[in-house]
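Please work through each task with the sequence and the coordinates at hand before reading its solution.

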Amino acid sequence: MPDFRKALSDDKVYFFDGGYGTLLQGRGLPAGMSPEIFGLQSPDVIKSVHKDYVAAGANVLTTNTFGGSRPKLGADADVIGLNREMALIARSVAGDNVFVGGSVGPTGYFVQPLGEMTFKEMVEIYKEQIQGLVEGGIDLILGETHFDLAEARAVVIAAREVCDLPIALSMTFESPAACLTGTSPQTFIDTMQNMGVELMGTNCSAGPEQMYDVLKSMQTRLTSPLLAEANAGLPELDENRNTVFRLQPEPFAKQSARFVEVGAKFIGGCCGTTPDHIKALRNAVGSAMWQRPVPQEDCQMVLTSRAQTVKIGFEQRGVIIGERINPTGKKVLSAELQNGQFTEAMKFAAEQILAGAPVLDVNVGAPLVDEVKILPALAKEIMAQHPAPLSIDSTNPEAVEAALWTYAGSPLVNSISGEAGRMERLGPLCKKFGAPFILLPIIGTKLPFTCAERIEVVSKLLEEADSYGIPRRLIMVDALALTVSSKPEAARHCLDFIRHCKEEWNLPTVLGLSNVSFGLPARELLNSSFLTLCQGQGLSAFIANPNSSRLRESLYATEVLLARDPQAEQFIAQYSGWTPGGDGGQATGQNSGPKKVGADNLFDAVVTGDRGGILALVNRELDGGRDPFVLVNDELIPAIMEVGEKYERKEYFLPQLLQSAETLQKAFEKLKPLLEAAGGQTVQDVIVMATVEGDIHDIGKNIVCLMLRNHGFDVVDLGKDVTAEKIVDVAQEKGAKIIGLSALMTTTMVRMEDTMKLLKERELDIKVMIGGAVITGGFCDSIGADGWSTDAVAAVKLAKRLVQ
């Protein structure tokens, strides 16, 4: 068996195979049939495609299992058996000279909070598929065409729980800025590198010219080889109504060969590419060698959420970790957490983000609070509302693990100490989930006071971390601020220790600032002065209340003096109007002090996705005598239109769109009985929505349904894999004005015409709009549909035009 890990580390450029769908269609794949099921029925056809790619020069074959998970194959499918057979077919062709990558595609579901499925459930789905692939003799796991960071992470976790094979993970990006769910290419790279993924990259969604920009945007902190597989353009229909891809092998190869310039070590093709494309690509790359990535940015650690990366390091700006979500000394917060309520916690989250905290510490440790249940629930709620990465703070290892199972990126774990068994319990868990953690220099009950004592403790803990294979990029040391009121030399020892961590271990440090001033007056003055001294020695982050104006002043001023604020840009933005005063002066920048949080009107509540506050605002307006029709027409509908415009401008991505849509839905549910009782809004235009026969992808359709309902349509959702006869029958029965059809695959998009023909046969005047990743304007015109859209926002606009 060939060793893929050796290929990952040498200087050669390797070639993946290309697309399968078009080739299989040309070799007998019936329209609407799953390529995986077809592969079981016609193994010789699959084998012939593999052979053609090997003959073209492919070094890596991908198994015919892109849709080989249970949600795609069906509840009664033999998932393990199918994946094993497809892997065995590829292995029989590859022999010992070509690698086999086990293809693992999207499930068609979102995990919470974007969808209903839990992260654990998705991991279990992938474990089943990967088990079959491993039994079939693959060389690596290949997660491909993923568009949600949480699902990509689920593939990695599942693979680690099943085997120790190398993992390659490829996401698809709509633009160099972000994927569908708002993750940028660099945030994807940061998260995957934290998880120890050995090969990452991008495939599908674009031709090679557009993909070049995506790959280039991955370079900043890249330390691993890249994988790049572009499409041969977007699918079109030729004069014979066959799906074709216009970018021919030679131009495809010439454009894709440039991927080597931006760190690509493995290059192949995706939709529409053929063995001829791969052969031309090999010739175009020629004898070029892999250009090993050189990180362009000095950064010791990164924390990520689905939509943001926070950099931590000696050359990065100091990071405030907001400390307010902690029930200690907060009676209201404690009482709410005991009852599973999060209003106060969400208020603290919003306050701290407005005050400039890029990371939020989340601690729910209080009497009568079930941390194992409440910590992940609160983390999930914050993730749904805010993009800031979180710090998971608990002394309960089970609660930490439960929170890690809900998180969509790389959170910070606060903390791992030398307490017996804690590193053993949490260290491997943090490695598995790619979660950086704070290393607390305490063994037993004694606090190390001197710098030498701290060095001795941390040295032992680092040795233990090394024994578990935990990479240093996941470790940040707590510098342990002790109070100077009882130990006058404590601050000096802390400063020496910070400098040692930086110079000897190259490890970033963090501390809780307020401890140093305990028992003394003017605590903020001491804390802010201590912060400046610590930053000068190399402190990278601190846990504090970001509403403290003195701390913010010290932070911004110190960043200028340490040359980490070029041209003092951020300092000037914050303090150009600063005036001295007894409270430390006033700043005029956007984060000049604590601000009111939460929306105070319905429009803003929908735009910001304030699900927790929307009903209170609706009740306030109704109690004040506002007409429910006015609330809908003057505030709620304009708000969701504003959200749609933000989505089109790429200011919002799918998570924000869904959050706002769900917020609006809650308001509508409250107002609907009042509207109906008043005799209004009882007649709605009916739209029948369905994914066409043979296609089991319905994420996009479900989002469109949600948005259409929010805009006043009566949506009848028939689900997925629906026959044309059923679609037209229901539309006729319901008196629908519009039928909406969705398809993701080129093999199923042609079934849309079945509905068009049936409508014509029955002489029904029902408009038809279509959508899906493979749909084009040319296809829409060719089947006689009334319009097509690229996303949910465009679909709403199209539906409104059609009913008018």
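**Exercise 1. Surface and overall dimensions**

Determine how much accessible surface the chain has and what share of it belongs to carbon and sulfur atoms, then judge its radius of gyration against that of a compact globule.

Solution. The model is a predicted one, in which local features need pLDDT of at least 70 and side-chain atom pairs count only at pLDDT 80 or more, while totals for chains, interfaces and linings use all residues. Residues are numbered from 1 along each chain as its sequence is written, and side-chain values use heavy atoms, with hydrogens and water left out.

Step 1: the accessible surface (Shrake-Rupley method, 1.4 Å probe; for residues, only the protein chains shown count as cover) comes to about 31000 Å², and 50% of it belongs to carbon and sulfur atoms.

Step 2: the radius of gyration, taken over C-alpha atoms, is compared with a globule rule of 2.2 Å times the number of residues to the power 0.38. For 804 residues a compact globule would have a value near 28 Å, and the chain agrees because its radius of gyration is 28 Å.

Step 3: along its principal axes, the C-alpha trace spans about 90 × 75 × 50 Å.

Step 4: the secondary structure consists of 31 helices and 25 strands, where helices (H or I, at least four residues) and strands (E, at least two) are DSSP runs numbered from the N terminus.

**Exercise 2. Burial and the nonpolar cores**

Find what percentage of the chain is buried, and identify which residues of the largest nonpolar core touch the most other members.

Solution. Step 1: buried residues make up 59% of the 804 residues, with buried meaning under 20% relative accessible area, exposed over 50%, and partly exposed in between (1.4 Å probe, protein chains only).

Step 1: a nonpolar core is a set of buried Ala, Val, Leu, Ile, Met, Phe, Trp, Tyr and Cys residues joined through side-chain atoms within 4.5 Å. The largest such core holds 154 residues, of which Phe188, Met192, Leu378, Leu511 and Phe530 touch the most other members. Its largest share, nine residues, comes from helix α8 (residues 149-162).

Step 2: another core, of 48 residues, lies apart from that one and has Val607, Leu658, Cys705 and Leu706 among its members.

Step 3: for contacts (heavy atoms within 4.5 Å) between residues at least 6 apart in sequence, 73% join residues at least 24 apart.

**Exercise 3. The surroundings of two residues**

Decide whether Val104 is buried or exposed, do likewise for Arg221, and list residues that each of them contacts.

Solution. Step 1: Val104 sits in strand β3 (residues 99-104), and with a relative accessible area of 0% it is buried.

Step 1: leaving aside neighbours within four places in sequence, the contacts of Val104 include Phe66, Tyr126, Ile130, Leu133 and Val155.

Step 2: Arg221 belongs to the loop between α10 (208-216) and β7 (226-230), and because its relative accessibility is 11%, Arg221 counts as buried.

Step 3: with neighbours within four places again set aside, the contacts of Arg221 include Asp190, Glu297, Cys299 and Lys311.

**Exercise 4. Backbone angles**

Locate the cis peptide bond that ends at Pro113 and the one that joins Asn414 and Ser415, then state the phi values of Ala563 and Glu763.

Solution. Step 1: as background, most residues other than glycine have a negative phi, and most peptide bonds are trans.

Step 1: the peptide bond from Gln112 to Pro113 is cis, with omega near 5°, and Pro113 lies in the loop between β3 and α7 (119-135). The bond joining Asn414 and Ser415 is also cis, with omega about 10°, and Ser415 lies in strand β16 (residues 412-416).

Step 2: Ala563 has a positive phi near 60° and is placed in the loop between α21 (549-561) and α22 (569-575), where its relative accessibility of 66% makes it exposed.

Step 3: Glu763 has a positive phi near 55° and occupies the loop between α29 (752-761) and β24 (767-771), and at 73% relative accessibility Glu763 counts as exposed.
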